[in-house]
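Student: Could you walk me through how to read a few features of a protein model? I'd like the general idea each time, and then the case at hand.

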Amino acid sequence: MFDLGGVIITLDQSQAIRRFEELGIKDAAQRLDPYVQSGIFGDLEHGLITAETFRRELSVLAGREVTIAECEYAWQGYAKEVPQRNLDMLLRLRSEGFRLLLLSNTNPFMMAWVESDRFTGGHPISYYMDACYLSYQMRLMKPSQDIFREVLHREATFASEVLFVDDGPRNVAVASQMGMQTLCPKNGEDWTAALLERIGLANNDKDNA
């Protein structure tokens, strides 16, 4: 089970801040967080408000009418790059028979890109995943245990059968307390070798070298 931002996508919070500032949100640096959003940003990712309500409320903060396209532009500023090695690893894991899940605190503006063929290589994220669990759709957010319980319930699996990869220490701590195996790479770090080691496939690479 993989996080999106910071694991599959390398994040650039400073770029997102600059883009929201361009829209007129002068205190964007105080409003945005790399892991858990607050205010209308958190309400959006929690599924408590719609994309249109967020657009209207952001317009009030900006002091001018902000468009849906501008909201997408600002939110997608978080995306610095999508390393090809990560995508290659996801495809390899599926070919090895693993079921892959995405679990992300995210929002419809970010997913408008992630779930399109503009994401990377002409494929949306769902091309690489067996299922995507998104905070704004579930109305639950990490690091709450509730979102993990809901995923385990929908997947009809046990925590001990899950390896959770997330760059958020709080998220990983909760998952670990619930009995999941965890991996906590830093944002943008190459986690592929550590993951292979954890699931016992590293020796296969050495044997084939």
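Student: Where is the place of Pro 185?

Tutor: Pro 185 sits in the loop between β6 (181-183) and α11; helices (H or I, at least four residues) and strands (E, at least two) are DSSP runs, numbered from the N terminus. Keep in mind that this is a predicted model: local features need pLDDT of at least 70, side-chain atom pairs count only at pLDDT 80 or more, and totals for chains, interfaces and linings use all residues. Residues are numbered from 1 along each chain as its sequence is written, and side-chain values use heavy atoms, with hydrogens and water left out.

Student: Does Pro 185 count as buried or exposed?

Tutor: Buried means under 20% relative accessible area, exposed over 50%, and partly exposed in between (1.4 Å probe, protein chains only). Pro 185 has 6% relative accessibility, so it counts as buried.

Student: Which residues does Pro 185 touch?

Tutor: Contact means heavy atoms within 4.5 Å. Leaving out residues up to four places away in sequence, Pro 185 touches Val 7, Val 165, Asp 166, Asp 167 and Trp 191. Val 165 is 20 residues from Pro 185 along the chain, yet their C-alpha atoms are separated by 7.5 Å.

Student: Now helices. How do I read the span of α6?

Tutor: The expected span is 1.5 Å times one less than the number of residues. With twelve residues, α6 reaches 17 Å from its first C-alpha to its last, close to the 16 Å expected. After α6 comes Gly 97, with a positive phi near 100°.

Student: And which residues of α6 are buried?

Tutor: Start with the general idea: an α-helix has 3.6 residues a turn, so residues three or four places apart point the same way. In α6, the buried ones are Asn 86, Leu 87, Met 89, Leu 90 and Leu 93. Down the axis of α6 they fall within an arc of 160°, so they line one face of the helix; the arc is that of the directions from the helix axis to the C-beta atoms. What they pack against is α11.

Student: What do the buried residues of α1 pack against?

Tutor: Their partners are α2 (28-31), α3, α4, α5 and β2 (79-81). Phe 20 and Leu 23 are among the buried residues of α1. Just after α1, Gly 24 has a positive phi of about 115°.

Student: Which residues touch the most other members of the largest nonpolar core?

Tutor: A nonpolar core is a set of buried Ala, Val, Leu, Ile, Met, Phe, Trp, Tyr and Cys residues joined through side-chain atoms within 4.5 Å. The largest has 52 residues, and Phe 2, Ile 8, Phe 20, Phe 54 and Leu 58 touch the most other members. α7 gives the most to this core, with five residues. Among the contacts of Phe 54 are Phe 20, Ile 40, Trp 75 and Phe 109.

Student: In which sense do β3 and β4 pair?

Tutor: Two strands pair if DSSP finds at least two bridges between them. β3 (residues 101-104) and β4 (residues 131-134) pair in the parallel sense over four bridges, and Leu 102 stands opposite Cys 132 in β4.

Student: What do β3, α7 and β4 make together?

Tutor: A right-handed β-α-β unit: with the strands pointing away from the viewer, the path from the first strand over the helix to the second runs clockwise.

Student: What is omega for the peptide bond from Lys 142 to Pro 143?

Tutor: Omega is near 10°, and the bond is cis. Pro 143 lies in the loop between α8 (135-138) and α9 (145-155).
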